[in-house]
Amino acid sequence: MMREVPSKLSFALDDEALKPGQVRGIDFKDVTAFLRRNAIWTGAWLLAMLSIAFVYIATTKPTFLATAQVIIDPKRPQISSQMTDYGIMQVTLDSSQLESQIQILRSERISRPVITDLNLAADPEFDGAGSFSPVGYIKGLFSGPASPNDSKLTKIFTAFNDRMNVRRLGQSYVLEVSFSSTDPDKSARIANSVVASYIRDQLSSRAESAARGEWLQGRLTDLKAEIDAASRAVRTGDLQATVFPSSDSKVITSATAPLGKSAPQIGLVLIFSTCLGLLLGVGTAGLRQRFDNTVRNSDQIEALGVECLSVLPRLSSRAEPATRLFAVRDEPSGFFADQLRYVKTAIDLARNHRPIKVIGVTGPHEGLGTTTIAANLAELFAQAGQSTLLVDANLRCCDLTRLVASEQSVGLVDVLCGRAPLAAALVELSPKLAVLPASLQTTVPNSNDIVGSASMKALLAKAGETYGCVLIDIPGFKDIPDARAMMPSLDALIIVARSGVTEAADLGNLLNTTGVMRKTLGVIVNRSDLIRRPRAARV
């Protein structure tokens, strides 16, 4: 009876299978494996964000922030008080009056005289002529096209207001007026001019009251003198030698040219870009994980109802293909060789229950590493003293033949067609290991008929009598029908899945193919980045 395959698989990374109903938590190994598997995505986002940061730093002009401070002396302070448990009077400052003064300072009534007296309308920093700002460009994308009714002065006022900031210092009556500019002297001059314009506005209001007779006429002359002084301060941006006794506001600190730039803050920009890049990289990796239906570990294989024979690490991409083909010979104590020995042990144990001589190595599709696994398994059996035959039955690709018998003139097709005896086609790689290559000289369009023929079955049966183990490199089930055609000739089947590539659905469909589950010894997860040699086993 055909076994049904679950449609959804667990993504646990631990090699230990979960008990029924048990929910596995996430541990440090899971996190490190997740980050290692998605290192390319995370690195790409990090590189992209840092590149944007460097472009921003390179194209943004440095700005300098100058600050002046004024203290508000309200004519009628709004103060409320209450006794604390310790009998101390607690004073609460009225913040509504301060907030009103902040809005006045930011109003066009205060800024317009500064723009006019300092001729900022002709300043490229404010009219935007010949300058480019990445931040301003991005803002423009979201703000939409400018209205044709917007005057140039309105645009300049907006640019002016974007560079100015007014805030209250703590719970005091002190207001801090800051202005940023690409010129340190200009930033200090404009900050002082804004304060002077604000004080002049207050003095003008008092002068109007005096002119209506609400004040003593003798004070009018003094007010006009202070107004003239405030006007000069607006034009010059110098508050240091100016006193305004009639104003409700007193200058406690005038702005001076800053010694260092305030923006861009390179360290902060790089830290933010790094954090954003890592966040986007991990987020992208999480989405990929969420929609990833590929197999990666033994738990997923066992969820299909079949044994996971081993999880093999990725071999070095710097090694030559011929070197990877017999990695267990070059590195007999390597991690790959140790993991592959689990597969050989599983085959040896299965032989205690039924005769197994002819073993096919295949997968759902091509590109899984079946050739490398079949060749290295054959080498392990040969090292154990068993006479072993390695057969290249992938008549379309012939990768095994190209690597070990490229000069051989006859091969499997010639033997099956009766054009050459088996002995003439064999290539001896070692005293215990021989290879039966495919035929490079002959194009085989009907390869399924050849490998599924009675001649093939007889050939393999004869090889099983001669050799202790016959391993066959078979093409993928989805690509061509050769693997299905060879099923009657096989004693057992080993299926290979590539970590992060083979879809769980494809592997499940292969296992549900008639006769496959019955002959399958298990599944190998190949080229895994999640498995590492335990530290205790490292030399």
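I take buried as under 20% relative accessible area, exposed as over 50%, and partly exposed as in between (1.4 Å probe, protein chains only). By that rule D506, at 18% relative accessibility, counts as buried.

I am working on a predicted model, where local features need pLDDT of at least 70, side-chain atom pairs count only at pLDDT 80 or more, and totals for chains, interfaces and linings use all residues. Residues are numbered from 1 along each chain as its sequence is written, and side-chain values use heavy atoms, with hydrogens and water left out.

**Overall.** I looked up the totals first. Of the protein's 539 residues, 45% count as buried. I count 23 helices and 14 strands; these are DSSP runs numbered from the N terminus (helices H or I, at least four residues; strands E, at least two).

**Sheet.** Strands pair here if DSSP finds at least two bridges between them. I then checked β1 (residues 64-72) against β5 (residues 174-181): they pair over eight bridges, antiparallel. A66 has F179 in β5 as its bridge partner.

**Salt bridges.** My criterion is a side-chain nitrogen of Lys or Arg within 4 Å of a carboxyl oxygen of Asp or Glu. The whole structure gives 12 salt bridges.

I looked at K186 and D123: their closest N and O atoms are 2.6 Å apart. K186 sits in helix α8 (residues 184-211), D123 in the loop between α4 (108-117) and α5 (124-127), 63 residues apart. Both K186 and D123 are buried.

Next, E379 and R329 meet at 3.1 Å, N to O. E379 is in helix α15 (residues 370-383) and R329 in helix α13 (residues 327-330), 50 residues apart. E379 is buried at 7% relative accessible area, while R329 is partly exposed at 38%.

Last, K478 and D506 form a salt bridge at 3.4 Å, N to O. K478 lies in the loop between β12 (469-473) and α21 (482-486) and D506 in helix α22 (residues 504-511), so the pair ties together parts 28 residues apart in sequence. K478 is exposed, with a relative accessible area of 55%. I also noted a network: salt bridges with shared partners join D123, E125, R163 and K186.
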